[in-house]
Amino acid sequence: MDLFFVSLGCDKNLVDSEYMIGMLTEHGFRITGDEKAAEVIVVNTCCFINDAKEESIQTILEMAEYKKTGNCRVLIIAGCLAQRYQKEIRAEIPEVDAVIGTNACGDIVHAIQQALSGSAYDNFQPPGVPGEHPAYFTNAKRSLTTGGHYAYLKIAEGCDKHCTYCVIPSVRGPYRSVPMEELLAQAEQLAQAGVKELILVAQETTLYGVDLYGQKSLHRLLDGLNRIEGLAWIRLLYCYPEEIDDQLIRAIQRNEKICHYLDMPIQHANDEILRRMGRRTTRRDITEKIAKLRREIPDICLRTTLICGFPGETEAQHEELLDFIDEMEFDRLGAFVYSPEEGTAAEAFADQIDEEVKLTRQEEVMALEQDIIFDKAKEMEGSVLYAIVEGKLPEENVYVARTYRDAPQIDGYVFVSSDTELMTGDFIKIRVTGAVEYDLTAEVV
């Protein structure tokens, strides 16, 4: 039976999708890229911000049309939007045959079988309880969708931070670490399958192990992953600044496979805005942490994420954020317009900001960061680095690659000239020859 699968949202959601696809192919479903021909369609949704919610709803409506114009017999909705708006989806989109939430991805095969037999199936269980991680992580087959040379390792589910703008705790549940032995076994399997770059993800990677072992244990996990044969790079995403400690810094220093790259979402730099966001840090704390990271790991590449136009943000506070960006010179930066999410504390704040003002502030942040990144890219000229090949532009006879400074899908690329044929997943030594906006040009050494 032909299956068309749509995965929306973040890399953590993608891991869930890969497990669901693996379970389905093990039960005889054939993956197709033709949604019109598919007899079963699954949409794994996102609802983190309003744009993601709208994309998910639009995708569901588009897929629902294939119940009328294509071969679709079963339409399943999974993921965050399904968890958050399960009843509304069932009531307003009758073409949907089943809705399964974030803690029920392991039910995907059963949900389809029930729908094919004419029985309704929905799993509206809570998104998780402390001490439990999704059972399907343990034994299920996983089908990689990233090309095979890199993969995401989701080390925990849920979040306990309860930032005032965020819906994640309500749709993903409390923080639950995956036991270390299971993660090491997964990583071994991925390495044996050809994965060379392992990217650690969670709502917050830096708190890994607190719930299981009574203390932060990311450094221990990194030590174990570093010993796995076949892995070349281990990359860390979603490290909250207040949780980055000396143990983690020393683990990055001593383990040669860990990329000197840290994704550290700070969201803002003004203390009052940080307090209203429910963040647990201050501008001074962040400044000191960045200084320490750059002192201890001089070649570290720092990426951050910011929210523009949070309720009550004054022009002066926005200017403070710009000054902070200019001072810190982040190597990578993403900025999002504040989205008032239903059920969050910030949605009820009285001092919401006009949409045009939010967009203008986002544009100003990104324009400043663009100048910083362009300057940093020019400074890279002449540098000799290792890079992983992502593919080739045949019409230009140029290869596309990434250095340790570039996470897939979110950062830039290096365009490499080479007379020797290269394969996707190859590691090559390059010399940077120039910069084109966010990207670099290079030659093979």
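Visitor: What makes Asp97 and Lys67 a salt bridge?

Guide: This is a predicted model, and in it the closest N and O atoms of Asp97 and Lys67 are 2.8 Å apart. The cut-off is a side-chain nitrogen of Lys or Arg within 4 Å of a carboxyl oxygen of Asp or Glu, so the pair counts as a salt bridge. Asp97 sits in the loop between helix 5 and strand 5, and Lys67 in helix 3, so the bridge ties together parts that are 30 residues apart in sequence.

Visitor: Why is Asp97 called buried, and what is Lys67 called?

Guide: Buried means under 20% relative accessible area. Asp97 comes in at 19%, so buried it is. Lys67 has 26%, so it goes down as partly exposed.

Visitor: How do you know that Arg284 and Glu288 are separated by about one helical turn?

Guide: They are 4 residues apart in helix 14. An α-helix has 3.6 residues a turn, so residues three or four places apart point the same way. The side chains of Arg284 and Glu288 meet in a salt bridge, with 3.0 Å from N to O.

Visitor: Is Arg284 called buried or exposed, and what about Glu288?

Guide: Exposed takes over 50%. Arg284 has 62% relative accessibility, so it counts as exposed. Glu288 has 44%, so it counts as partly exposed.

Visitor: What makes Asp331 and Arg405 a pair that ties together parts of the sequence?

Guide: Their side chains meet in a salt bridge, 3.1 Å from N to O. Asp331 is in the loop between helix 15 and strand 14, while Arg405 is in the loop between strand 16 and strand 17, so the bridge links parts 74 residues apart in sequence. Asp331 is buried, at 4%, and Arg405 counts as buried too, at 10%. A search of the whole structure turns up 39 salt bridges.

Visitor: Why is helix 11 called largely enclosed?

Guide: Because 8 of its 9 residues are buried. Those residues are Leu218, His219, Leu221, Leu222, Asp223, Gly224, Leu225 and Asn226. Their cover includes strand 7, helix 9, strand 10, strand 11, helix 12 and strand 12.

Visitor: How do you know that the buried residues of helix 12 line one face?

Guide: The buried residues there are Leu248, Ile249, Ala251 and Ile252. Looking down the axis of helix 12, they fall within an arc of 160°, so they line one face of the helix. Helix 11, strand 11, strand 12 and helix 14 are among what covers them.

Visitor: What lines the largest cavity?

Guide: The structure holds 3 cavities of 30 Å³ or more, and about 110 Å³ of space lies in the largest. Its lining residues include Arg332, Ile373, Lys376, Ala377 and Arg405. Helix 16 gives the largest share of that lining, with 3 residues. By class, the lining has 7 nonpolar, 1 polar and 4 charged residues.

Visitor: Which elements give two or more residues to the lining of the second largest cavity?

Guide: That cavity has a volume of about 60 Å³, and its lining includes Lys216, Leu218, His219, Glu243, Asp245, Gln247 and Leu248. The elements that give two or more residues are helix 11 and helix 12. By class, this lining has 2 nonpolar, 4 polar and 3 charged residues.

Conventions:
Residues are numbered from 1 along each chain as its sequence is written. This is a predicted model: local features need pLDDT of at least 70, side-chain atom pairs count only at pLDDT 80 or more; totals for chains, interfaces and linings use all residues. Side-chain values use heavy atoms; hydrogens and water are left out. Buried means under 20% relative accessible area, exposed over 50%, partly exposed in between (1.4 Å probe, protein chains only). Contact means heavy atoms within 4.5 Å. The arc is that of the directions from the helix axis to the C-beta atoms. On a 1 Å grid over the protein atoms alone, a cavity is a set of points where a 1.4 Å probe fits but cannot get out, and a pocket is an open set with protein on both sides within 12 Å along at least five of seven lines; lining residues have an atom within 4 Å of a point. Grid points are joined across faces, edges and corners, and a volume is the space filled by probe spheres set on the points. Ala, Val, Leu, Ile, Met, Phe, Trp, Tyr, Cys and Pro count as nonpolar, Asp, Glu, Lys and Arg as charged, and the others, Gly among them, as polar.
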